[in-house]
Amino acid sequence: MTQHSMQQVIITEPGGLEKLAYETVAIPEAKADEVLVKVHAFGINRPDILQRQGLYPMPKGVTPVPGLEVAGEVVAVGSEVSQFKVGDKVCGLTNGGGYAEYCVVPESQTLNIPEGVSFVQAAAIPETFFTVWANVFQMGKAKAGETVLIHGGTSGIGTTALMLCKSLGIKTFATAGSDEKIQAISHLTTGINYKTQDFEQVITEATDNAGVDVILDMVGAPYL
């Protein structure tokens, strides 16, 4: 790779879209456990929007450049990387910096893009799928034949969890705040409008008092 500089998007100060600007910087170098990706597409997530508004400060030592997921082509690999090589088409969950022409991604947070999936589609995979897989399946240990309750069923995390559960033979219930949202996920789950129904009562009756095995809760304190 002979190119040494790139453009990236920076937040000049908290505010609206007008506070985003381009700047030219050196292309980052991959550390031992990282891959350098030529970015073809990146995802836009709620944390990016909150960060732009000044409501989501990055942890110390993390780049202030927004962008938590990217898809593209591997152009360099670190000395300890073993699962990827130059030329691989990948998507990855970044530690920031995705709004750029090039971005470094830890090998452990990188996935090969399946055949038939475009860069644009792949850029929407890492944030939600990594989150759901870690919470529902690695920590929650949900498995076929069990039942899962997903709060916020029409969110990005919610719909991803519903799709994965359905594909793995897991029965689900999901809450949402309107009948329109319930209809939108009706092909994936048993939806419950939490504004007009008591989700605990609905589930208790539907499961003959058995309840659920795992709950994915994005609401927090009130539901806990």
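This is a predicted model: local features need pLDDT of at least 70, side-chain atom pairs count only at pLDDT 80 or more; totals for chains, interfaces and linings use all residues.
Biologist: Thanks! How far does α4 reach from its first C-alpha to its last?
Modeller: It spans 17 Å over 12 residues, 156-167, close to the 16 Å expected.

Biologist: Which residues of α4 are buried?
Modeller: I157, G158, T160, A161, L162, L164 and C165.

Biologist: And what do those pack against?
Modeller: They pack against helix α3 (126-139) and strands β8 (147-150), β9 (171-176) and β11 (214-216).

Biologist: Switching to charges: how many salt bridges does the structure hold?
Modeller: There are 3. E13 pairs with K19, their closest N and O atoms 3.1 Å apart. K85 meets D88 at 2.9 Å, N to O, and K143 meets E146, also with 2.9 Å from N to O.

Biologist: Take K85 first: buried or exposed?
Modeller: K85 counts as exposed because its relative accessibility is 53%, and the cut-off is over 50%.

Biologist: How about K143 and E146, then?
Modeller: K143 is partly exposed at 48%, while E146 is buried at 16%.

Biologist: Last one: where is E107 found?
Modeller: In the loop between β6 (102-106) and β7 (110-112). E107 is buried yet has no salt bridge, and the nearest side chain of opposite charge, K85, is 12 Å away.

Biologist: What is E107 in contact with, leaving aside neighbours within four places in sequence?
Modeller: Its contacts include D33, E34, E80 and F84.

Note on methods. Residues are numbered from 1 along each chain as its sequence is written. Side-chain values use heavy atoms; hydrogens and water are left out. Helices (H or I, at least four residues) and strands (E, at least two) are DSSP runs, numbered from the N terminus. The expected span of a helix is 1.5 Å times one less than its number of residues. Buried means under 20% relative accessible area, exposed over 50%, partly exposed in between (1.4 Å probe, protein chains only). Contact means heavy atoms within 4.5 Å. Lys and Arg count as positive and Asp and Glu as negative; His and the chain ends are not counted. A salt bridge is a side-chain nitrogen of Lys or Arg within 4 Å of a carboxyl oxygen of Asp or Glu.
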